[in-house]
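Please have the sequence and the coordinates open as I go.

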Amino acid sequence: MNDKPTPEPLELTLVEDHTVYACVMGSRAFGLATEASDTDRRGVYLAPTPLFWRFEKPPTHVDGPRDEEFSWELERFCELALRANPNILECLHSPLVEKLTPVGEELLSLRGAFLSRQAHTTFSRYAAAQHGKLLGDLRNHGAPRWKHAMHLLRLLLSCRDLLRTGRLEIDAAPYRDRLLTVRRGELSWDEADAWMTRLTRETDAALAATPLPEAPDLRRVEDFLRRTRHASALSFSG
């Protein structure tokens with residue numbers, strides 16, 4: 001039984017009529033899909049500017065309406081991307097785009113503006129938290145959740161290469177075979193953990209010489225958001 005609440009009418013309208021960018025994420029976007037993989041969809045919607053001219057503001061995110069679907073309002077999405085949220089940054093680099101409007105195209109053109117050395121901190125914190133959960137599974141159940149271990153390794157590879165090159169690549173195809181051996185539990189925990197430790201060291205080392213700027217380009221992103229909100233207001237007035 002699916003106990004997920006049905007989105008409110010406004011939430012449905014925002015996702016169905018005002019989405020500017022939608023993509024597939026998860027294993028399918030990472031090049032790690034198997035026959036059992038779900039289709040995880042993520043999107044960005046632009047709430048019409050007049051909705052902000054009332055006490056009750058439009059939602060910052062919507063869960064659904066389809067299973068494994070989640071969307072953010074444009075401003076919230078940009079805010080999280082400026083903070084180098086790993087999940088958000090990866091959404092901007094999905095190779096599986098399902099919807100793209102002119103506003104969405106401009107959002108994607110700003111991918112570089114969101115990238116900065118802050119990614120080292122946010123990706124590393126997320127990786128440390130996931131590693132802690134894997135150790136908890138190991139203590140409590142005798143084995144980690146191998147799918148989660150695979151995705152942690154993929155994240156570490158992505159972060160290391162981002163710091164080395166200044167470009168975020170989410171396609172893990174070059175590492176697919178070995179990552180899938182982790183998912184199947186064919187590597188021992190000690191082997192997988194040693195790989196994680198090595199990648200963490202390589203990521204820390206890459207930070208010293210990274211071409212990434214110290215901070216994201218806030219002005220470019222603010223200018224984009226201001227112009228987009230203004231155009232939405234004019235459209236309503238017209």
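D63 has F70 in β4 as its bridge partner, and the two strands involved, β3 and β4 (residues 69–73), pair in the antiparallel sense over three bridges, where pairing requires that DSSP finds at least two bridges between two strands, and where helices (H or I, at least four residues) and strands (E, at least two) are DSSP runs numbered from the N terminus. This is a predicted model, in which local features need pLDDT of at least 70 and side-chain atom pairs count only at pLDDT 80 or more, while totals for chains, interfaces and linings use all residues. Residues are numbered from 1 along each chain as its sequence is written, and side-chain values use heavy atoms, with hydrogens and water left out.

The open sheet has five strands in the order β3-β4-β2-β1-β5, with mixed pairing, and its edge strands, each pairing on one side only, are β3 (61–63) and β5 (97–100).

Turning to salt bridges (a side-chain nitrogen of Lys or Arg within 4 Å of a carboxyl oxygen of Asp or Glu), the count comes to 15. E98 and R41 form one, at 3.0 Å from N to O, and this pair links strand β5 with strand β2, 57 residues apart.

R160 and E202 form another, at 2.8 Å; because R160 lies in helix α8 (residues 146–165) and E202 in helix α10 (residues 189–207), the pair ties together parts that are 42 residues apart in sequence. R160 is buried at 9% relative accessible area, whereas E202, at 23%, is partly exposed, with buried meaning under 20%, exposed over 50% and partly exposed in between (1.4 Å probe, protein chains only).
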